[in-house]
Amino acid sequence: MDGTFRVSVERNRLRFAAAHMATFADDLEPLHGHNYDVFVDVEGELTAESWVWDFGELKRIAKEIADELDHKFLLQLRSPHLDIVEDGSGWEIRYRDRRYRFPRADVAPLPIDNTTAERLAEWFAARLLRALEERGASNVRRLTVGIEEMPGQAGWYTVSVR
Ligand SMILES: [Zn+2]
């Protein structure tokens with residue numbers, strides 16, 4: 001048979017609560033938050049023991065990444081619209097007449113241009129892929145991450161490996 005195997009883990013403890021302000025067109029959303037749910041899907045060849053990846057370990061790795069975002073302000077460091085200044089104690093964000101100041105410990109600075117669910121999924125997938133590769137993931141062929149902002153509203157990113 002010509003088929004593919006994949007495993008998925010999602011929601012339950014794979015979630016994070018975070019604040020953000022996305023930009024769209026020429027505007028900046030008001031500061032607000034979501035209870036984000038995370039979906040992870042790993043496609044690959046079976047190991048000699050017939051696994052793609054151990055569920056427990058996959059959940060543990062993904063939860064560690066989600067925990068980095070939990071109870072943080074998600075800051076799009078590469079925004080072309082925000083004026084972002086980092087100093088010794090934290091971050092200042094300026095947009096037109098708006099000024100926000102966040103202490104360092106409250107911020108998850110992310111190398112993305114906007115805190116859309118799509119970009120968060122891409123960031124999460126890159127982190128997860130690196131973590132799997134550090135654990136010798138030679139059998140992984142494709143990785144998909146979904147970031148759900150609210151039930152029924154999610155952004156997805158899929159990366160193919162080799
Ligand atoms: Zn939002």
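Visitor: Which residue just after α2 takes a positive phi?

Guide: The model is a predicted one, and in it helix α2 covers residues 117–134. Just after that helix, a positive phi of about 75 degrees is taken by Gly 136.

Visitor: Against which elements do the buried residues of α2 pack?

Guide: The buried residues of α2 include Leu 120, Trp 123, Phe 124, Leu 128 and Leu 132, with Arg 119 also among them. An α-helix has 3.6 residues a turn, so residues three or four places apart point the same way. The helix lies across β4, β9, β10 and β11, running at about 140 degrees to β10. Its buried residues pack against β4 (32–44), α1 (55–69), β9 (107–110), β10 (140–150) and β11 (153–160).

Visitor: Which element gives the most to the largest nonpolar core?

Guide: The largest nonpolar core has 30 residues, and those with the most contacts inside it are Val 38, Val 40, Ala 62, Phe 124, Leu 128, Val 145 and Ile 147. Two or more residues come from each of β1 (5–20), β4, α1, β5 (72–76), α2 and β10. The element that gives the most, with 8 residues, is α2.

Visitor: With which residues is Leu 128 in contact, leaving aside its neighbours within four places in sequence?

Guide: Leu 128 is one of the buried residues of α2, and it is also one of the residues with the most contacts inside the largest nonpolar core. Once its neighbours within four places in sequence are left aside, the residues in contact with Leu 128 are Val 40, Ile 61, Ala 62, Ile 65, Leu 143 and Val 145.

Visitor: Why is one side of β9 and of β11 left without a neighbour in the sheet?

Guide: The sheet in question is open and has 6 strands in the order β9-β5-β1-β4-β10-β11, with mixed pairing. One side of each of these two strands is left without a neighbour because β9 and β11 stand at the edges, each with a single partner strand.

Visitor: Which residue in β5 is the bridge partner of Ala 18?

Guide: Strands β1 and β5 run parallel and are joined by 2 bridges. Helix α1 lies across both of these strands as well as β4 and β9, running at about 20 degrees to β1. In β5, the bridge partner of Ala 18 is Lys 72.

Visitor: Which residue in β8 does Trp 91 stand opposite?

Guide: An open, antiparallel sheet is formed by 3 strands in the order β6-β7-β8, and its edge strands are β6 (83–87) and β8 (98–103). Strand β7 (residues 90–95) is joined to β8 by 6 bridges. In β8, the residue that stands opposite Trp 91 is Phe 102.

Visitor: What pattern does the chain follow when read along the sequence?

Guide: The chain contains 2 helices and 11 strands. Among its contacts between residues at least 6 apart in sequence, 65% join residues at least 24 apart. Read along the sequence, the pattern is β-β-β-β-α-β-β-β-β-β-α-β-β.

Key: Residues are numbered from 1 along each chain as its sequence is written. This is a predicted model: local features need pLDDT of at least 70, side-chain atom pairs count only at pLDDT 80 or more; totals for chains, interfaces and linings use all residues. Helices (H or I, at least four residues) and strands (E, at least two) are DSSP runs, numbered from the N terminus. Two residues are in contact if their C-beta atoms, placed from the backbone, lie within 7 Å. The expected span of a helix is 1.5 Å times one less than its number of residues. A residue is buried if 20 or more other C-beta atoms lie within 10 Å of its own, exposed if 12 or fewer, and partly exposed in between; C-beta atoms are placed from the backbone. A nonpolar core is a set of buried Ala, Val, Leu, Ile, Met, Phe, Trp, Tyr and Cys residues joined through C-beta atoms within 7 Å. Two strands pair if DSSP finds at least two bridges between them. Axes are lines fitted to C-alpha atoms, for helices over the stretch in contact, and angles run from 0 to 180 degrees between N-to-C directions.
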